[in-house]
Amino acid sequence: MKRFMTGGLAAATALSLPTLAAAQEAVSFDQRVNDIFAGSTGWFVNLIFMNLPGTNFPWIVLWLVVAASIFTIYFGFIQVRAFGHAISLVKGDYADPNDAGEVSHFQALTTALSGTVGLGNIAGVAVAVGIGGPGATFWMILAGLLGMASKFTECTLGVKYRNEYPDGSVSGGPMYYMTKGFKERGIPGGRFLAIVFAIFTIGGALGGGNMFQANQAHAQITQITGDFSGLITGVIFAAVVFAVIVGGIKSIAQVTEKVVPFMGVTYVLAALVILIVNADQIGWAFGQIFEGAFTGLGVAGGFVGALIQGFKRAAFSNEAGVGSAAIAHSAVKTKEPVTEGVVSLLEPFIDTVVICTMTALVITISGVLVVNPETGLFVLNEAGTAIQTADGSSGVALTSAAFATGFSWFPYVLAVAVILFAFSTMISWSYYGLKAWTYLFGEGKTKELVFKLIFCFFIIVGAAAQLGAVIDFSDAMIFAMAVVNITALYFLMPIVKREMNSYFDRLKSGEIVKHGH
Amino acid sequence: MTKTTIVVGLDGSEAGARALDFAKSQAKQIGECAIAICYVIEWSPFSFQTPEENEQRHKRREEELQLAHERVMDPAVTKTKADGFDVLAVVRHGDAADILDAVAKQHGAAQIVVGRVGARGLKERVFGGVTGRLAATASVPLTIIP
């Protein structure tokens, strides 16, 4: 990780000079950013995605799925049992009127959601379906459902072990439950895990929470305007993010926070309309999803390919087990940590089971994936790495093409949505990254400014680099967070179970009641 | 509560002050009557916030409450008490119409008195002002002071 950081920064400094000198060399600049970036991060990516010996199954995917399954069983299918209660909590049925004006469950949930709903749902799903075929959707939904239990575990701990400062502000997240929770259980190494986690979180903030977003936002813009250097998009994005996180111009962030939910709803509605118009094909699409889930329907890597892609993209999209949500959810006002854990169950559900599935269905139904009419199997591209698409696009461009089959004007709406989603995700991740940064280096204006400047700089790198290199690095960092976080969750899950049992017992006995309105 | 209670909504405006004056004159006529003065800080648990806003929320809330007390509530309460009335002060976050009605119910109030707030902007036109919504939903008699 450290090697990457220095490598990336050195590359960056070296590259910033020629750009200033000659803007017309922008295309070669993109290429050079990409080469240096891929070169300096490749070793880490390889380590994280190393296959299990003798298979082509990355160990990290197994790690996530096994964890989510263990949490699901250990907490007695909490995602099913507490689903109704989660909705009741979000509605504010159990909110104490005397706490009015504090952060509500709804606000904690939506803030966390605006960090996860974004390009993972649009571009990530397109990548999954593009490589793994419609069958990837099945595994993605399954991973989303199981991931609800991981999210429950980490968010309960996030609230339980958050730091509350004298001025009433709070800081929470895996760093805090690793140190405090391990100490409480008398297990050594909590502090060490917390430091490693914080380092990876900074990487994740710069990768998935930043470069991937900038990259895909640029891809979407060029889809409409025609090709131009990513440098330009990067600089503009960096300037706006700079204005918000360094300049403290809150109005931009507030506008985004209000427009993003609206865009999310618009996106789902548009997908629904396309699905309704093609209602006769929905049965066929689900058939493809189920059949593809177990046979692969000829995609690269067959059924294992579909499974890996589905699980990978679900984890990247809903971040269950990654630990980022524990930071966002900790701000809620509640006396019962379990309540926020229960509310956080809804996050993978909305993000993955609802929104990602919509995208996957639209892509499948739209016919942008090329099928061999004779065999009924997908046709692979020349390199044999992904399914050939109607216009050769991938990522967000593929989603855009799929939606365009329903509404020709949709790419414009999607472009706006992608830019806003990218922006709100960047703002959220700049916060997660900053929390990790201050955990490592302490709080202070100058220290925070250093991180914010690095964050803005990586937006430019992300917009200029190519998708492959960026997506690999983003995945690697996010999954590296999950390695550390889930290790900690295994040690701390008995605490969550105790909290959970106590809470639901009191709920059952009537000690915890709804507040009348 | 055996005593009659009148709930008054204050918003720091002229109309709010007139509402309090009206409540006082009513209370004087009734005799044994308490005045519950309410100040509502408009807030919704269903708004969207950034992570930083969430982190700072508790502090902001304390500041909002303190400001409400300093600027509006405390002077009104002191003055009303000095006039010899039994006073109850409520400062709360939420929807003004909901909270005024909830306070009225809680204290078994005889009526709610509010100042009329002139319609402002599109939002008021679409969703109706506080007074309009209160008139439509209040569970006790409502007096609107122009």
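Which residue takes a positive phi just after helix 7 of chain A? In this predicted model, local features need pLDDT of at least 70, side-chain atom pairs count only at pLDDT 80 or more, and totals for chains, interfaces and linings use all residues. Residues are numbered from 1 along each chain as its sequence is written, while chains are lettered from A and ligands numbered from 1 in the order in which they are written.

The residue is A:Gly133, with a phi of about 75°. Helices (H or I, at least four residues) and strands (E, at least two) are DSSP runs, numbered from the N terminus. Of its 14 residues, 14 are buried (20 or more other C-beta atoms, placed from the backbone, within 10 Å of the residue's own), so helix 7 of chain A is largely enclosed by the rest of the structure.

Chain B has an open sheet of five strands in the order 3-2-1-4-5, with parallel pairing (at least two DSSP bridges between two strands). Strand 3 and strand 5 (142-145) of chain B stand at the edges with a single partner strand each, so one side of each lacks a neighbour in the sheet. Strand 2 (residues 33-42) and strand 3 of chain B run parallel and are joined by nine bridges; B:Val40 has B:Arg92 as its bridge partner in strand 3 of chain B.

Between the chains, 22 residues of chain B are in contact (C-beta atoms, placed from the backbone, within 7 Å) with 25 residues of chain A. Helix 2 of chain B gives the most to the side of chain B that touches chain A, with eleven residues.

Methods. A residue is buried if 20 or more other C-beta atoms lie within 10 Å of its own, exposed if 12 or fewer, and partly exposed in between; C-beta atoms are placed from the backbone. Two residues are in contact if their C-beta atoms, placed from the backbone, lie within 7 Å.
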